[in-house]
Amino acid sequence: MSLVKIQMADIDDAAILTDIKKNVFDAEKVKWLSDQEDVVDYNIQPPGYDCIETGKYMIRELNYYKVLYDGEMVGGLIVTVVGKRHGRVDRIFIEPRHQGKGIGTEVMKLMEGEFPKVKTWELETSSRQVNNHQFYEKAGYRKVFQSEDEFCYEKKKPEEEGTGDEISKLTILGDTLKDVDLSEIQVEHSKMVKTDFYAIDGSHSSFSNSNLSRTHFSNCNLSHARFQNINLQHTLIADLNLSHSEFVHVTLGGVHIHDTTLGVGDEPMKFERCELKGSRFQNCNMTNVELSDCDLRGMKINGILVKDLLEAYTQVKR
């Protein structure tokens, strides 16, 4: 009987899992970046890896498993499964003192058993982490992309032969439309409920007058995209890079922004002509924040009216 098990994590596990994650990724930094202090490698130290609130978010929103070895929590596995057939390994980490025992290999097998319908698994790892390359290749993954900083791996399970007919240059395999060139076609008044798009080049595409509610975009490049006249009520926007994006004529009532940073360059945000009455900023780093020409009636800092603070400041200056 295997000593290795995976179980869905819950919020109470967040603190322990965050501590393990920190130990693992900090050790990886020492191993691979000790002589490159100026290098930022998000595969070796993923954003928020040492933040308990980021861990809680992942437990709530992703498939986050705790890894047990002989009953002890020794690591974690985070995966994203979109649609029926495609999965992504977001994180797998094992406490350094338990590495080398075959735990990671067993976890990968257990993961595939949890999602038997998934036919393609993908993941990214740092180009520097040579041991990871060997680990994933041993587990049946093959390298599909390589850059100076990152290797991308993919594992495909054998396809079951379908009975679909070949139509023009379209290949239909069971419920899958595969290896298709749909460039420049126009699709109108069509039903695509629960359709799964994977590894699609949809650059310069346009969606208009469409119902895309509850659509899930994950691990997609949407740089320079335009979202206009869109209903995004109750939408989750998380783990995104929105640097240099513009929000204009946007209704933000009830929006909750938390656990958010300015990125590596600390480039400041700018708010102009915004209606923010009643908003709350709590436990935030507001170093060098500047307010000018703003209506501050009723605004408080640590419970003190800004109006009163300004009046007291004026009296002292006199």
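Is Arg-214 buried or exposed? In this predicted model, Arg-214 is exposed, its relative accessible area being 86%. The residue belongs to the loop that runs between strand E9 (176-178) and strand E10 (300-301). Its phi is positive, at about 65°, although Arg-214 is not a glycine. His-249 lies in the loop between E9 and E10 as well. Phi of His-249 is also positive, near 55°, in a residue other than glycine. With a relative accessibility of 81%, His-249 counts as exposed, because the cut-off for that class is over 50%.

The overall description of the chain is as follows. The protein chain contains five helices and 11 strands. Its C-alpha atoms fill a box of roughly 85 × 55 × 35 Å along the principal axes. The chain has 318 residues, of which 25% count as buried. Its accessible surface comes to about 24,900 Å², and carbon and sulfur atoms account for 49% of that area. When contacts between residues at least 6 apart in sequence are considered, 60% of them join residues at least 24 apart.

The largest nonpolar core consists of 22 residues. Leu-77, Val-89 and Tyr-141 are the residues with the most contacts inside this core. At least two core residues come from each of strand E1 (4-8), strand E2 (63-69), strand E3 (72-82), strand E4 (86-94), helix H3 (103-114), strand E5 (120-126) and strand E7 (150-156). H3 gives the most to the core, supplying four residues. Another core, of 16 residues, lies apart from this one, and includes Leu-17, Val-24, Tyr-57 and Tyr-64.

The surroundings of Tyr-141 can be listed in detail. With neighbours within four places in sequence left aside, Tyr-141 is in contact with Val-89, Met-108, Met-111, Trp-121, Leu-123, Tyr-136, Tyr-153, Glu-154 and Lys-155. Tyr-141 also takes part in a cluster of rings, in which ring pairs link it with Phe-135, Tyr-136 and Tyr-153.

Aromatic pairs in the model number six. One of them joins Phe-115 and Trp-121 in an edge-to-face arrangement, with 6.0 Å from centre to centre and 70° between the planes. Phe-115 and Trp-121 are both buried. In the pair of Phe-135 and Tyr-136, the ring centres are 5.2 Å apart and the planes stand at 65°, so this pair is edge-to-face too, given that the class requires an angle over 60 degrees. The two partners of this pair fall into separate accessibility classes: Phe-135 is partly exposed, with a relative accessible area of 22%, whereas Tyr-136 is buried, with 7%. The boundary between these classes is 20%.

Helix H2 (residues 52-61) has Thr-54, Gly-55, Tyr-57, Met-58 and Ile-59 as its buried residues. Among the elements that cover these residues are helix H1 (14-33), E2, E3 and E4. Tyr-57 of this set is also a member of the 16-residue core.

Asp-19 is located in helix H1. With a relative accessible area of 49%, Asp-19 is partly exposed, because a residue must be over 50% to count as exposed. Asp-19 and Gly-75 are 56 residues apart along the chain, and their C-alpha atoms are separated by 9.7 Å.

A further position of interest is Gln-129, in the loop between E5 and helix H4 (130-138). Gln-129 counts as buried, its relative accessibility being 3%. When residues up to four places away in sequence are not counted, Gln-129 touches Glu-28, Trp-32, Asn-43 and Ile-44.

Terms used: Residues are numbered from 1 along each chain as its sequence is written. This is a predicted model: local features need pLDDT of at least 70, side-chain atom pairs count only at pLDDT 80 or more; totals for chains, interfaces and linings use all residues. Side-chain values use heavy atoms; hydrogens and water are left out. Buried means under 20% relative accessible area, exposed over 50%, partly exposed in between (1.4 Å probe, protein chains only). Contact means heavy atoms within 4.5 Å. Accessible areas come from the Shrake-Rupley method with a 1.4 Å probe; for residues, only the protein chains shown count as cover. A nonpolar core is a set of buried Ala, Val, Leu, Ile, Met, Phe, Trp, Tyr and Cys residues joined through side-chain atoms within 4.5 Å. Rings of Phe, Tyr and Trp (its six-membered ring) pair if their centres lie within 6.5 Å; planes under 30 degrees apart count as stacked, over 60 as edge-to-face and the rest as tilted.
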